[in-house]
Amino acid sequence: MKISRRALLQLAASGLATTAVCGSVAVVGAKNLTRPPGALVEEEFLARCSRCLRCLDVCQPLAIRPGHWTDGPRNLGTPVMETAKCIRCMECIRYCPTGALSRIPKDEVLLGTLVLVRDVCFAWQKTRRCEICFKACPRKAFTLQDRRYPVLDMKKCDACGLCIRRCPSPGSLVLSSEGAKRYQPQPGHIITRLDDRVGPYEVAPAPYTEWLANRLRSLAQRYGLTK
């Protein structure tokens with residue numbers, strides 16, 4: 001499959017224009033959104049994120065979506081997390097080319113605060129006996145009151161979302177972005193190598209230029225610009 005040079009240049013130019021517009025528009029009152037693991041504090045995140053959506057491309061559980069106009073023009077094109085879907089594979093961090101996502105180890109990730117809604121929970125409503133969240137939690141953050149009713153210990157919970165994905169009663173467990181851990185940028189990160197604490201790579205990230213070429217090729221195919 002061949003792509004004309006003109007088509008590639010058009011795609012590249014449109015991508016750069018979108019990045020420039022989205023990155024420069026500052027709107028008072030723009031929403032604070034849930035970001036991927038390792039995200040810098042919001043103002044620094046918005047300043048560094050290039051809206052390339054490379055993190056979205058590599059997210060296997062489809063836990064990342066691009067921000068749209070309803071999120072505020074300042075957030076347009078930035079990665080937004082659906083925390084309950086995140087499996088902490090850390091690929092989004094590995095592939096981020098700008099440092100908007102700090103390269104932290106998995107055990108430092110905290111995406112928010114988990115809430116147990118007793119008015120919806122099967123066990124608390126005595127609809128049926130259910131211990132799924134208790135058995136699913138790898139950190140033993142749930143105990144069973146009277147050997148039947150789940151109780152959440154927030155000090156042990158790291159908001160991994162595993163209990164939400166396995167819970168048979170939608171709405172019983174809610175993960176909010178409140179309390180999510182955010183990071184300050186490293187001094188001089190533009191000219192020095194980022195501190196990479198993610199861990200060993202099973203498959204090393206592709207170079208940014210290779211990823212960009214593949215993205216342009218896929219866009220060209222989607223919009224019928226290939227020869």
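Which side chains meet in a salt bridge at 2.4 Å, N to O? In this predicted model, the side chains of R74 and E43 form that contact. A salt bridge is taken here as a side-chain nitrogen of Lys or Arg within 4 Å of a carboxyl oxygen of Asp or Glu. The R74–E43 pair links distant parts of the chain, 31 residues apart, with R74 in the loop between β1 (64–66) and β2 (79–81) and E43 in helix α2 (residues 42–48). E43 is partly exposed, at 48% relative accessibility; residues are called buried under 20% relative accessible area, exposed over 50% and partly exposed in between (1.4 Å probe, protein chains only).

Residues are numbered from 1 along each chain as its sequence is written, and side-chain values use heavy atoms, with hydrogens and water left out. Because the model is predicted, local features need pLDDT of at least 70 and side-chain atom pairs count only at pLDDT 80 or more, whereas totals for chains, interfaces and linings use all residues. The predictor's confidence in each residue, pLDDT, runs from 0 to 100. Its mean over the chain is 81, and 74% of the residues reach 70 or more. Over residues 16–30 the pLDDT is below 50, and this stretch has 13 contacts in the model beyond near neighbours in sequence; a contact denotes heavy atoms within 4.5 Å. Residues 189–193 also have pLDDT below 50, with four contacts beyond near neighbours in sequence. Where pLDDT is low, the predicted coordinates should not be read in detail.

The chain contains seven helices and six strands, assigned as DSSP runs (helices H or I, at least four residues; strands E, at least two) and numbered from the N terminus. From that terminus, the order of elements is α-α-α-β-β-α-β-α-β-β-α-β-α. Of the 227 residues, 39% count as buried. Among contacts with a separation of 6 or more, 72% are between residues 24 or more positions apart.

In total, the structure holds nine salt bridges. D158 takes part in two of them, with R88 (3.5 Å, N to O) and with R139 (3.8 Å, N to O). R139, in the loop between α5 (132–136) and β4 (142–145), is 19 residues from D158 in sequence and is partly exposed at 42%. A network of salt bridges links R35, E42 and R182.

The largest nonpolar core comprises 21 residues, and those with the most contacts inside it are F45, I64, M81, C92, I93, L101 and I104. Such a core is a set of buried Ala, Val, Leu, Ile, Met, Phe, Trp, Tyr and Cys residues joined through side-chain atoms within 4.5 Å. Helices α2 and α4 are the elements that give two or more residues to this core. Apart from it lies another core of 17 residues, including L116, F142, C163 and L175. Leaving aside residues up to four places away in sequence, M81 touches T34, R35, P36, P37, A63, I64, C86 and L111.

S102 occupies the loop between α4 (91–95) and β3 (113–116). This serine is buried, with a relative accessible area of 13%. Beyond neighbours within four places in sequence, S102 contacts G38, L40, I93 and Y183.
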